[in-house]
Amino acid sequence: MTEQRPLKIHNTLSGKKEEFRPITPGYVGMYVCGPTVYNDVHLGNCRTFCSFDMIYRYLLHLGYKVRYVRNITDVGHLTDDGEDRMAKGAKVAQLEPMEVAQRYTVGFHDMMRIFNTLPPSIEPRATGHIPEQIEMVQTILERGLAYERNGSVYFDVPKFAAENEGVYGSVSGRVLEDLYTETRELKSQEEKNHPADFAIWMKARPQDLMVWNSPWSVGFPGWHLECSAMSTKYLGKTFDIHGGGNDLKFPHHENEVAQNHGACGCHPANFWMHTNMLLLNGKKMSKSDGNTISPTELFTGTSEHTSKPYSPMAVRFFMLMAHYRSTLDITDDGLMAAEKGFLKIMETNRILQNLPVNARDFDGSESDTDRAILALIHDAFAGMDDDFNTAIAIASLNEMGSFIHKLANQQIAPGEISPWVIERLKTVFSTFLFDIFGLQDESANSNDSGTLEGLMGLILEIRGQARAQKDWATSDKIRDGLSAAGITVKDGKDGVTWAKA
Ligand code: AMP
Ligand code: ZN
């Protein structure tokens, strides 16, 4: 296989960007924590999954074979008051917990399709991997890093921390002392040796609905355990990338590392990647705080926070405009700007793909314009190679767009750009927009609109030639004719634009 370009990825473990070298050259194993399917995904969840979709797509673009594992949490994720989220959802809707899981898994998949994300290679469910989780609890017990208390099994955090210096806290940066005050698992506090210990198996209470037999009790696995067991099963003891939202660093990812380390004696992932939060009114978007917009509200224009509907691809573009490690505040103004940017970049691409590549006008030398465009193409990929910086890539594409518009309007003579540079631009635009960013051209009936774009490109080219020859009669005739057909033509400083009335 060919040598990959150097790629830098920010690693939460070191707090720095590091050169990415997969364990097996050419192959990447990536695990991303999936949704807890007890209610509809909100836009914040979608941001994280769209970010990892872009990361997955870019790794594929670089030529890696990627095994992308994203789980479905359908048991064991407890609320702050110790109730299983699935069981709580089931009680509220008077359904079987599995009906709840099925309903919201289907809803999640629908939403992921609407956002045009690629399906993961494997999507394991926690409930489908109970034997693997029980086996992991057994191994951790055998290694002396957990203890049983009244049918529940707890991970012994102080013992693990003492035996493996620098491991506990390596993801979240927390020190053990903080955990006295921060631990959220209030339910079985009195059974634990230390407040930082956490349950890896929980004995069921009479009200618990999702329970399994185990050597310790009829109960269910702790929430963090599924990701440890399933990542090991499908990606091995140590794999390349583990991802999730920032808010999962603690306790979920910290405890995952402890369990993997406890069971296998090694760190599970070489790179830990964390996406930043989508904010609403400056605060993390979160269902439990009631601070959410659902994607559907956004698409239909029924959210109190927005003035109009926004299409899924405009929203995806809005997310891509920010780097995945920056917070992103969702506002009507921000969405409106993103929509405008999305429509413009799509129009630029349509114009570009219809540009003729006229080898006859080319004198064989590399022009300044060629060099400027090639430098922008380099910048776009360099941005992506530097920790997936989509914001830089979009800015570079927009700058290329100015050249494309000038070329289409004959403000740049066709001979000033080499035919191969135009061909390269065409490939770069479609690769970025569709393969890497995962955008779709949403224009209604894109075949018809493609034909119209092609015709308009030709008509405006003829008009441009007439104007260059000061043939104002022909130029006016074209403009008036188009106007009669319901198309207005505007001569602006960035070139000629047109719109249907
Ligand atoms: P959950 O279903 O709560 O486990 O969350 C699924 C994923 O969405 C996790 O990776 C979370 O970190 C992520 N997430 C939750 N809220 C937000 C938010 N406001 N912005 C971005 N990602 C989020
Ligand atoms: Zn997880």
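Just after helix H14, Gly438 adopts a positive phi of about 70°. The structure is a predicted model, in which local features need pLDDT of at least 70, side-chain atom pairs count only at pLDDT 80 or more, and totals for chains, interfaces and linings use all residues. Residues are numbered from 1 along each chain as its sequence is written, chains are lettered from A and ligands numbered from 1 in the order in which they are written, and side-chain values use heavy atoms, with hydrogens and water left out.

Helices (H or I, at least four residues) and strands (E, at least two) are DSSP runs numbered from the N terminus. H14 comprises 18 residues, 419-436, and reaches 24 Å from its first C-alpha to its last. This span is close to the 26 Å expected at 1.5 Å a residue, the expected value being 1.5 Å times one less than the number of residues. Buried residues (under 20% relative accessible area; exposed, over 50%; partly exposed, in between; 1.4 Å probe, protein chains only) of H14 include Pro419, Val421, Leu425, Phe429 and Ile436. Their cover includes helices H1 (43-61), H11 (332-354), H12 (368-385) and H13 (390-408).

The zinc ion (ligand 2) is coordinated by Cys33 (SG), Cys227 (SG) and His252 (NE2), at 2.0 to 2.2 Å. Donors are N, O and S atoms within 2.8 Å of the metal (3.2 Å for Na, K and Ca); water is not among the atoms, so sites may look incomplete. Cys33 lies in the loop between strand E3 (27-32) and H1, and His252 in helix H8 (residues 249-264), so the pair ties together parts 219 residues apart in sequence. Cys33 is buried at 5% relative accessible area, as is His252 at 1%.

Note on methods:
Contact = heavy atoms within 4.5 Å.
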